[in-house]
Amino acid sequence: MNEQPGNVMHSAQDRVSAQLKPPVLLVEDDHSKLLSTVVVLRGLEFELSIDTAGSGEEALEKVLGTDYSLVLLDVNLPGIGGFEVASM
């Protein structure tokens, strides 16, 4: 009987841990910069849920569907630029 509450608690901790991964959107059209930034973010002491976009248009679509804790935005994007995306 002592094992059951432990399992329930462990399961609840897993759910809380999964929910504590802040969602981050990284917007960068240069693939090598995008990959290197993802590597840096994954090397942090805490886990993030990292999503990526390669254009301002794609970033806007993703922001409409997800409540991101942080958006890292390249300002020199083709099409809709980073400053314009940030102002919307």
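This is a predicted model: local features need pLDDT of at least 70, side-chain atom pairs count only at pLDDT 80 or more; totals for chains, interfaces and linings use all residues.
Trainee: What makes β1 and β2 a pair?

Mentor: A pair needs at least two bridges between the strands. Five bridges join β1 (residues 23-27) to β2, so the two count as paired under that cut-off. They run parallel. One of the bridges links Val27 to Ala53 in β2.

Trainee: What makes β1 and β3 a pair?

Mentor: The cut-off is again at least two bridges, and β1 and β3 have four, in the parallel sense. Among the partners are Leu25 and, in β3, Val71.

Trainee: What is the strand order, and why are β2 and β3 called edge strands?

Mentor: The open sheet has three strands in the order β2-β1-β3. β2 (49-53) and β3 (70-73) each have a single partner strand, so one side of each lacks a neighbour in the sheet. Neighbouring strands are turned by 20° against each other on average, with direction ignored.

Trainee: What makes β1 a mostly covered strand?

Mentor: Four of its five residues are buried, and buried means under 20% relative accessible area.

Trainee: What is the hand of the crossover from β1 to β2?

Mentor: The chain goes from β1 through α2 to β2, and this β-α-β crossover is right-handed. The term applies because, with the strands pointing away from the viewer, the path from the first strand over the helix to the second runs clockwise.

Trainee: Which strands do α2 and α3 lie across?

Mentor: Helix α2 (residues 31-42) lies across β1, β2 and β3, at about 170° to β2. Helix α3 (residues 56-65) lies across β1 and β2, at about 140° to β2.

Trainee: Why is Asp74 called buried?

Mentor: Its relative accessible area is 16%, and the cut-off for buried is under 20%, so Asp74 qualifies. Asp74 is in the loop between β3 and α4 (82-87).

Trainee: Which residues does Asp74 contact, beyond its neighbours within four places in sequence?

Mentor: Those residues are Val27, Glu28, Asp29 and Gly82. Glu28 is 46 residues away along the chain, yet the C-alpha atoms of Asp74 and Glu28 are separated by 5.4 Å.

Trainee: What makes the approach of Asp74 to Asn76 a polar contact?

Mentor: The Asp74 side chain reaches the backbone nitrogen of Asn76 at 3.0 Å.

Terms used:
Residues are numbered from 1 along each chain as its sequence is written. Side-chain values use heavy atoms; hydrogens and water are left out. Helices (H or I, at least four residues) and strands (E, at least two) are DSSP runs, numbered from the N terminus. Axes are lines fitted to C-alpha atoms, for helices over the stretch in contact, and angles run from 0 to 180 degrees between N-to-C directions. Contact means heavy atoms within 4.5 Å. Buried means under 20% relative accessible area, exposed over 50%, partly exposed in between (1.4 Å probe, protein chains only). A polar contact is a pair of N or O atoms within 3.5 Å; within protein, one must be able to donate a hydrogen and the other to accept it, and residues adjacent in sequence count only if both atoms are side-chain atoms.
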